[in-house]
Amino acid sequence: MNLLVLGLSHKTAPVEQREKAALSDSAARQMLRELMAHGTVDEAIALSTCNRTEVYVGTPDPLRAEDAVAAAIVAHTKISGEELACARYVLRDDRAAAQLFRVTSSLDSMVIGESEIQGQVRSAWDLAVEEGSAGPLLNQLFRQAIEVGKSIRTRTRIGSGSSSVPAVALDLAEDVLSDLPGRRVLVIGAGRMAEATTLALMQHGVRDVVVANRTVGTARTLAERFGGRGVGFDRIDEELRGADIVISSTDAPHPILGPDEISPVMADRADRPMVVVDISVPRDVDAAVAAVPGVALYDIDDLERVVEANINGRRLEAERGEGFVIGAVQGFSAWRRGLSATPAITSLRQRAEAIRRGELERIESQWDSPLTDADRERLEALTKSIVNKLLHEPTVRVRAAAEGGDGEALRHLESLRHLFGLEAQTGTN
């Protein structure tokens, strides 16, 4: 059976096309059912995230399956055939396996090292299992992909270091303030980045939030999302005295906080530091505030430098991850070659089982008295054990030879078929 993946991703399609190609769960289920009924697809799994839509199939006819998968994506999403033709990629066999291993390891993600993709791959697999469209080939592929993803995250530092401005702001605040849950946050302005940063802080236990905005109503609306209070700009000086973390994100054309506002506050709290995160451009906080004792000031450039450094570190680790992918693809390829031995092994075991049962029936008919259930169970266990022990070693050796993929493997398989008459056995089944 051939392995094939057809899809598009952030590397081949803009967000407008990725939105069109996104599959809901219900659409994915219907698409899998139709592909399985098509006649050219034996197995299918659909993976759809915000950055990619990919359909993995096992098929005896890759050319016809490719057309069937492309038509199915067009039929079950909003993307047109022309758009898909321009954005799609098609990979087969080892290259298809490498694609899933890289995807699951986040090596192919927009943000290298992100952790959500492993859960998304797992969900796609689960959905296919529920629909009965995941068979031996794709089950092995996705099982191995999950293992590869976990291994790369464990054995490299691909996921280390925050990769977003809000997450870096959180890290920097934690470096200065050891006990975040008990701290008060003053949010100045109602920018989306300030909101995201505040949410990141709340996810780490911060509960006391005050939002200050030029419009009090807007401040109160935003504060309600955090369970905090909303105040006007006229209350900033007062709120600064109780704040441990200040996040500023306004559209003011000039600084709204300087040493004149911060110095008096810090003079009264010598042992209580303050973290000021200025996400605005132009900046809300005068750079001179950094010189005020007890203040740790970070502007957007500081945050983005840390983000860039972390992402560069992840890129270096990704190079190590690629080495693990290469090894995993070799392992998967060997497993696929080993499948060539499966028919012969299955025939061998079926013949052995038929002989075992025939002999049991023959002996039981010659017994002086009927066997008890306990006697029959003991004979079943004894004969099964003998058969399994006899066949174990040749089974392992033939499968290993097939996984090796050399000419010796073919000779082993032919010898097995010839010695046990498996051609005739297969022909009668």
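At what angle do helix H13 and helix H15 pack, and how far apart are their axes? They pack at about 125°, with axes 7 Å apart. This is a predicted model: local features need pLDDT of at least 70, side-chain atom pairs count only at pLDDT 80 or more, and totals for chains, interfaces and linings use all residues. Residues are numbered from 1 along each chain as its sequence is written, and side-chain values use heavy atoms, with hydrogens and water left out.

**Helix pair H13 and H15**

- H13 spans residues 300-338 and H15 spans residues 373-404. Helices (H or I, at least four residues) and strands (E, at least two) are DSSP runs, numbered from the N terminus.
- Axes are lines fitted to C-alpha atoms, for helices over the stretch in contact, and angles run from 0 to 180 degrees between N-to-C directions.
- The angle makes H13 and H15 oblique to each other. Angles under 35 degrees count as roughly parallel, over 145 as roughly antiparallel, 65 to 115 as roughly perpendicular and the rest as oblique.
- Ala-334, Trp-335, Arg-337 and Gly-338 in H13 meet Arg-399, Ala-402, Glu-403 and Gly-404 in H15. Contact means heavy atoms within 4.5 Å.

**Helix pair H2 and H3**

- H2 (residues 25-38) packs with H3 (residues 62-76) at about 150°, and their axes are 10 Å apart.
- H2 and H3 are therefore roughly antiparallel to each other.
- On the H2 side, the meeting residues include Met-31, Leu-35 and His-38. Those on the H3 side include Ala-68, Ala-72 and Ile-73.

**Nonpolar cores**

- The largest nonpolar core has 60 residues, of which Leu-35, Phe-101 and Leu-141 touch the most other members. Helix H7 (residues 136-155) gives the most to this core, with eight residues.
- A second, separate core has 30 residues, among them Leu-201, Leu-222, Ile-279 and Ile-300.
- A nonpolar core is a set of buried Ala, Val, Leu, Ile, Met, Phe, Trp, Tyr and Cys residues joined through side-chain atoms within 4.5 Å. Buried means under 20% relative accessible area, exposed over 50%, partly exposed in between (1.4 Å probe, protein chains only).
- Leu-35 touches Val-41, Ala-44, Val-55, Ala-68, Val-69 and Ala-72, not counting residues up to four places away in sequence.

- Val-103 lies in helix H5 (residues 93-104). Val-103 counts as buried, at 0% relative accessibility.
- The C-alpha atoms of Val-103 and Ile-117 are separated by 7.4 Å, though the two residues are 14 residues apart along the chain.
- Thr-198 lies in helix H9 (residues 192-202). Its relative accessibility is 1%, and Thr-198 counts as buried.
- Leaving aside neighbours within four places in sequence, Thr-198 is in contact with Val-187, Val-209, Phe-226 and Ile-247.
- Cover for the buried residues of H9 includes helix H8 (165-176), helix H10 (216-226) and strand S5 (184-188).

**Backbone details**

- Val-281 and Pro-282 are joined by a cis peptide bond, with omega about 0°. Pro-282 lies in the loop between strand S9 (274-278) and strand S10 (295-299).
- Asp-93 is not a glycine, yet its phi is positive, near 50°. Asp-93 lies in helix H5. At 23% relative accessibility, Asp-93 counts as partly exposed.
- Ser-106 also has a positive phi, about 70°, without being a glycine. Ser-106 is found in the loop between H5 and helix H6 (116-131). Ser-106 is buried, with a relative accessible area of 1%.
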